[in-house]
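Visitor: Please take one part of this protein and go through it closely, residue by residue where that helps. Then set that part against the rest of the chain.

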Amino acid sequence: MAKIRETEVRVDEDGHEVGRTEHIIERPKRGGGGFGWGLFFGVILVAGAITLFAFSQGSFQTAGRQADVATQVAQEQVGETVDSTQQALNDNTAPADSQSSDTATN
């Protein structure tokens with residue numbers, strides 16, 4: 001810890017030293033950690049405020065709703081693709097059967 005030393009010199013009228021007094025002053029210990037904790041709580045407070053604002057504006061709810069709609073659309077498209085593929089397979093196999101039966105009867 002830092003100490004400050006002060007020396008007081010007393011002199012008479014002729015300039016001769018009459019007495020000397022030393023004072024030692026100790027600096028008080030600073031309380032540490034104020035800035036670090038304040039910054040930490042400040043960041044937590046700002047993050048909480050942003051989250052609360054986004055939730056109150058419906059951003060999270062809208063994002064969830066959009067994700068559900070996208071999932072539903074994707075499932076419908078997959079179903080349509082499967083149906084189209086099945087129909088195409090049925091169409092390709094049907095004429096081959098009728099042609100072979102036609103040629104067999106001729």
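Guide: R5 stands opposite I24 in strand β2, and R5 itself lies in strand β1. Strands here are DSSP runs of E with at least two residues, helices are runs of H or I with at least four, and both are numbered from the N terminus. This is a predicted model, in which local features need pLDDT of at least 70 and side-chain atom pairs count only at pLDDT 80 or more, while totals for chains, interfaces and linings use all residues. Residues are numbered from 1 along each chain as its sequence is written, and side-chain values use heavy atoms, with hydrogens and water left out.

R5 has a relative accessible area of 60% and is therefore exposed; the classes are buried under 20%, exposed over 50% and partly exposed in between, with a 1.4 Å probe and protein chains only. Apart from residues up to four places away in sequence, R5 touches E22, H23 and I24, where a contact means heavy atoms within 4.5 Å. One of these, H23, is 18 residues from R5 in sequence, yet the two C-alpha atoms are 5.7 Å apart.

T7 is also found in β1. The residue opposite T7 in β2 is E22. With neighbours within four places in sequence set aside, the contacts of T7 are R20, T21 and E22. T7 and T21 are 14 residues apart along the chain, and 5.6 Å separates their C-alpha atoms. The relative accessibility of T7 is 44%, so T7 counts as partly exposed.

These positions belong to an antiparallel pair: β1 (residues 3–11) and β2 (residues 17–26) are joined over nine bridges, and two strands are taken to pair if DSSP finds at least two bridges between them. Five residues lie between the strands of this hairpin, and G15 takes a positive phi near 90 degrees there. As background, side chains in a regular strand alternate between the two faces of the sheet.

E17 lies in β2. Beyond residues up to four places away in sequence, E17 touches V9, R10 and V11. E17 also forms a salt bridge with R20, and the closest N and O atoms of the two are 3.1 Å apart. A salt bridge is defined as a side-chain nitrogen of Lys or Arg within 4 Å of a carboxyl oxygen of Asp or Glu. In general, side chains of opposite charge can pair when their charged atoms come close. E17 is partly exposed, since its relative accessible area is 48%, and R20 is exposed because its value is 51%. A search of the whole structure finds one salt bridge.

Now the rest of the chain. The protein has two helices and two strands, and along the sequence they follow the pattern β-β-α-α. Over the protein the average pLDDT is 80, and 82% of the residues score at least 70.

W37 lies in α1. At 55% relative accessibility, W37 counts as exposed. Together with F40, F41 and I44, W37 forms a nonpolar patch on the surface, with about 480 Å² of accessible area in total. Such a patch takes residues with over 30% relative accessible area and no salt bridge; nonpolar side chains (Val, Leu, Ile, Met, Phe, Trp, Tyr) are joined within 5 Å, and like charges within 9 Å.

Some totals complete the picture. Buried residues make up 3% of the 106 residues. The accessible surface of the protein comes to about 9500 Å², and carbon and sulfur atoms account for 57% of that surface; the areas come from the Shrake-Rupley method with a 1.4 Å probe, and for residues only the protein chains shown count as cover. Of the contacts between residues at least 6 apart in sequence, 10% join residues at least 24 apart.

Notes:
pLDDT = per-residue confidence, 0-100.
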